[in-house]
Amino acid sequence: MAAKVDTLKEEMDEAQNKMEICKDQLAADMYNFSSKEGEYACYYVLLVEAQAEYHRRALASIESVLPSIQSQQGVIVSLHFLDSPALSICWINVAYECTTFLKS
């Protein structure tokens, strides 16, 4: 019985030591992270600026191709009641405009 108690005490001491090591490591990691907070904030600002520039360019591309797509839409509506080959040609033109836009 005494041997079992000693074994359990040793296991408890080992577990406490491991917990202390983990607490120390956590404290060091938290300090490390907080010391670089300004650097992380700069990276975040750069990321948001890059995203804003991407969206500005995407909007400009969409606005530049939109009139062409809208004019094609008018042709498609006017040819809606015509035979299928004429309608297919219009859809091909619209598809071409869309793929041109996506490639740019």
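The largest share of the nonpolar patch, three residues, is contributed by helix H2 (residues 37–78). The model is predicted, so local features need pLDDT of at least 70 and side-chain atom pairs count only at pLDDT 80 or more, while totals for chains, interfaces and linings use all residues. Residues are numbered from 1 along each chain as its sequence is written, and side-chain values use heavy atoms, leaving out hydrogens and water.

**Exercise 1.** Determine which elements the protein has and what percentage of its residues count as buried.

*Solution.* Step 1: the protein has three helices and zero strands; helices (H or I, at least four residues) and strands (E, at least two) are DSSP runs, numbered from the N terminus. Step 2: from the N terminus on, the order is α-α-α. Step 3: of the 104 residues, 7% count as buried, where buried means under 20% relative accessible area, exposed over 50% and partly exposed in between (1.4 Å probe, protein chains only).

**Exercise 2.** Identify the residues of the nonpolar patch and state their accessible area together.

*Solution.* Step 1: patches are made of residues with over 30% relative accessible area and no salt bridge; like charges are joined within 9 Å, and nonpolar side chains (Val, Leu, Ile, Met, Phe, Trp, Tyr) within 5 Å. Step 2: Phe33, Tyr40, Tyr43 and Leu46 form the patch on the surface, with about 460 Å² of accessible area together; such areas come from the Shrake-Rupley method with a 1.4 Å probe, and for residues only the protein chains shown count as cover. Step 3: Tyr43 lies in helix H2 and is exposed, because its relative accessible area is 51%.

**Exercise 3.** Trace the network of salt bridges that contains Glu53.

*Solution.* Step 1: a salt bridge is a side-chain nitrogen of Lys or Arg within 4 Å of a carboxyl oxygen of Asp or Glu. Step 2: Glu53 meets Arg56 at 3.3 Å, N to O, and both lie in helix H2, three residues apart. Step 3: Glu53 also pairs with Arg57, the closest N and O atoms being 3.0 Å apart. Because Glu53 and Arg57 are four residues apart in helix H2, about one helical turn separates them.

**Exercise 4.** Describe the salt bridge between Glu20 and Lys23.

*Solution.* Step 1: the closest N and O atoms of Glu20 and Lys23 are 3.7 Å apart. Step 2: about one helical turn separates Glu20 and Lys23, because they are three residues apart in helix H1. Step 3: Glu20 is partly exposed at 38%, and Lys23 is partly exposed at 46%.
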